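Here are some notes for a reader who is opening this entry for the first time. Please keep the sequence and the structure in view while going through them.

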Amino acid sequence: MPSDPPRKPRPRSGARDVNPSKPLDLNTPEIRSNVNSTRGTTFRAQWRAYAAAHRWAVLGTLAQFRRMPYTTALTCVALGIALAFPAVLFVLLQNVQQVTARWDGAAQISLYLKTSTTETQALKLAEQLRTQPDIGKVDYISKARALEDFQRYSGLGDALALLGENPLPPVLVVHPKDAQVKPDAVQRLVQTLQTNPAVDVAQWDMQWLQRLHGLIAVGQRAILVIGALLLIAALVVVGNTIRLAVQNRTQEIKVTKLIGASDGFVRRPFLYSGFCYGLTGGLFAIGVVSTVLWALHDPVHAVALSYSSNFELHGLGFELSALLLAAGIGLGLTGSWLSVSRHLRAIEPGVA
Amino acid sequence: MIQFSNVTLRFPTGHDALNDVSFTLNKGELAFLTGHSGAGKSTLLKLVAAIERSTTGQVVVNGENLNRIRRSRVPAFRRNLGIVFQDHNLLHDRSVFDNVALPLVIEGFRGEEIARRVRAALDKVGLLGKESFFPVTLSTGEQQRVGIARAVVNRPALLLADEPTGNLDPELAREIMRLFEEFNQVGTTVLVATHDIELIARKRHRRLILKQGRLDADTNH
Ligand SMILES: Nc1ncnc2c1ncn2[C@@H]1O[C@H](COP(=O)(O)OP(=O)(O)O)[C@@H](O)[C@H]1O
Ligand SMILES: [Mg+2]
């Protein structure tokens, strides 16, 4: 290559070509090889070429944001809320599940024995039950203990004294062996215990837990449905914003296509925008979820304390945060891809 | 380089913008496409640039049969063309440098090569030193020259221009025409559409004259 062209403007530079040693015709083998040598022969050259195209796309994306700042901000916020809402529900439900998992361990069956049962018979039955494979611990509460407890907790001790005889039955408290036992397994155990001749009433104290499990299942399904609906809404919002951006840049797209840009080249700045919407929306969602959980922390802690539980609300965690970001970026990219593919084809140079 | 065989283009309105046009423009030639407004000059250039497709007849440009070209092939085909528009078609939120660099960026050149070639092209049209300007801050003539720099920066085999001097005063117009002659002298095939007969009256170049969509004359003086 000759030395750099002089900086002085030369409006009428005679027959001097941009490159005096070569004709302008691209089809001569000479120029072809020149072209090839400047693109993609080495990784370095390829990277530099990519960097130039990347710079172009980023400038386009920034111009797009500058041209519609409010739409851009609103899109990010809408995306963030669409992500945050199901995420908050999910985290709360996860916490509920964690609590009930502890209660599941406490699943216990009270066997109210017939009042005629003697202490020896009761202890023998307890011993017998302990050998059963699905039963862990069996506690014996004698008639006297039951009375004591009743007096202490009910404050009706004097009334019982009037009866003369202790009317309370002896009780065996049966704990299933498996701490994470399923509700229907407990139900089956209750039914078999009920058939024992010494047992008056077999009662599962945590039947409501079964209903809670049912409610949790409903909650999970609801989150899926809400999440799916919000996902579609987010796609529509992103798609609409990109549609506006494409319309804003119709002229530029036509010119670029006329100069020989492929669809991919034209699409790139819009995909970058979608990526930015997704990333910002995802970060916003993480912020929203963290704020909601933080706001809930103290009241939940207070409630837990009143149940003398040391329960702590679990936060978003790294995995879920990463998932939110990934979901945001995925949504942003998908929304802009769908929209730009749909609207780009219609924009051709020469078509008004 | 360009071959039209009995080309007719009928718009959906039923109007024949071009009617049975046949001509050949060889590699390295310079020709002016003239005729009154509405004669079909822009339409003919659009056929060459694969913007429109002919209704009947065959258009072959740079070895490519444009009647049968696939959509996905069109961008690569257009990279061998340089097109100058009457209304510049510059990107207003990009600097002069970026406007001229666009064809090179599309082709995948690397940064330094782009900078070198953009400067060379701007030097050629007398705008070196205005790289960082934005199009709106330039005069009409300067904007037109930025458009020309963009059209030639990737050294296209074929240069098309549609009324490149339409908005310019006579002095500037002559200067632009000289630029096209210079590009042609170094081997580029050039086809310029203009209704400005006076501008090319004294020039000894090939002239294709359109009249209501028909090729009325193909002269060499
Ligand atoms: N998209 C179109 N649909 C219908 N008619 C068109 C269209 N484009 C151009 N025409 C008509 O075709 C004729 C030629 O137009 P054009 O090629 O622009 O002429 P010129 O460039 O020579 O002034 C005109 O009569 C114009 O009205
Ligand atoms: Mg015209």
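This is a predicted model: local features need pLDDT of at least 70, side-chain atom pairs count only at pLDDT 80 or more; totals for chains, interfaces and linings use all residues.

The numbered points below take up domains, a sheet with its helix, cysteines, salt bridges and one lysine.

1. Domains of chain A. Chain A falls into two parts: domain 1 covers 52-102 + 211-344, and domain 2 covers 107-205. The centres of domain 1 and domain 2 of chain A, taken over C-alpha atoms, are 53 Å apart.

2. The sheet in chain B. Chain B has an open sheet of four strands, in the order E2-E1-E4-E5, with antiparallel pairing. Strands E2 (16-25) and E5 (64-65) of chain B are at the edges; each has a single partner strand, so one side of each lacks a neighbour in the sheet. Further in, strand E1 (residues 2-10) of chain B pairs with strand E4 (residues 56-61) of chain B in the antiparallel sense, over five bridges.

3. Which strands does helix H1 of chain B lie across? Helix H1 (residues 41-48) lies across E1, E2 and E4 of chain B, and it runs at about 120° to E1(B).

4. A lysine in that helix. Lys41(B) is part of helix H1 of chain B. Is Lys41(B) buried or exposed? Lys41(B) is buried, and its relative accessible area is 5%. Leaving aside residues up to four places away in sequence, Lys41(B) touches several residues, including Leu33(B), Thr34(B), Gly35(B) and His36(B). Also among the residues it touches are Glu163(B), Ala193(B), Thr194(B), His195(B) and Leu210(B).

5. Cysteines. How many disulfides are found over all chains? A search of the whole structure gives zero. Cys76(A) is in no disulfide, and the nearest cysteine sulfur to its own, that of Cys276(A), is 8.1 Å away. A disulfide would need the two sulfur atoms within 2.5 Å. Cys276(A) is likewise in no disulfide, with the sulfur of Cys76(A) as its nearest cysteine sulfur. As to accessibility, Cys76(A) is buried at 10% relative accessible area, while Cys276(A) is partly exposed at 29%.

6. Salt bridges in general. Side chains of opposite charge can pair when their charged atoms come close. The structure has 21 salt bridges over all chains. One group of residues is linked in a network of salt bridges: Arg67(A), Arg249(A) and Glu252(A) together with Asp93(B) and Arg94(B).

7. A pair in chain A. Lys137(A) and Asp139(A) form a salt bridge through their side chains, at 3.8 Å from N to O. Lys137(A) is partly exposed, with 48% relative accessibility, and Asp139(A) is also partly exposed, with a relative accessible area of 31%.

8. Two pairs in chain B. The side chains of Arg110(B) and Glu112(B) meet in a salt bridge at 2.9 Å, N to O; Glu112(B) counts as partly exposed at 47% relative accessibility. Another salt bridge joins the side chains of Arg116(B) and Glu113(B), at 3.1 Å, N to O. These two residues, Arg116(B) and Glu113(B), are three residues apart in helix H4 (residues 111-124) of chain B, so about one helical turn separates them. Arg116(B) is partly exposed at 22% relative accessibility, whereas Glu113(B) is buried, with a relative accessible area of 7%.

Definitions and conventions
Residues are numbered from 1 along each chain as its sequence is written. Chains are lettered from A and ligands numbered from 1 in the order in which they are written. Side-chain values use heavy atoms; hydrogens and water are left out. Two strands pair if DSSP finds at least two bridges between them. Contact means heavy atoms within 4.5 Å. Axes are lines fitted to C-alpha atoms, for helices over the stretch in contact, and angles run from 0 to 180 degrees between N-to-C directions. Domain bounds come from an automatic or database domain assignment. Buried means under 20% relative accessible area, exposed over 50%, partly exposed in between (1.4 Å probe, protein chains only). A salt bridge is a side-chain nitrogen of Lys or Arg within 4 Å of a carboxyl oxygen of Asp or Glu.
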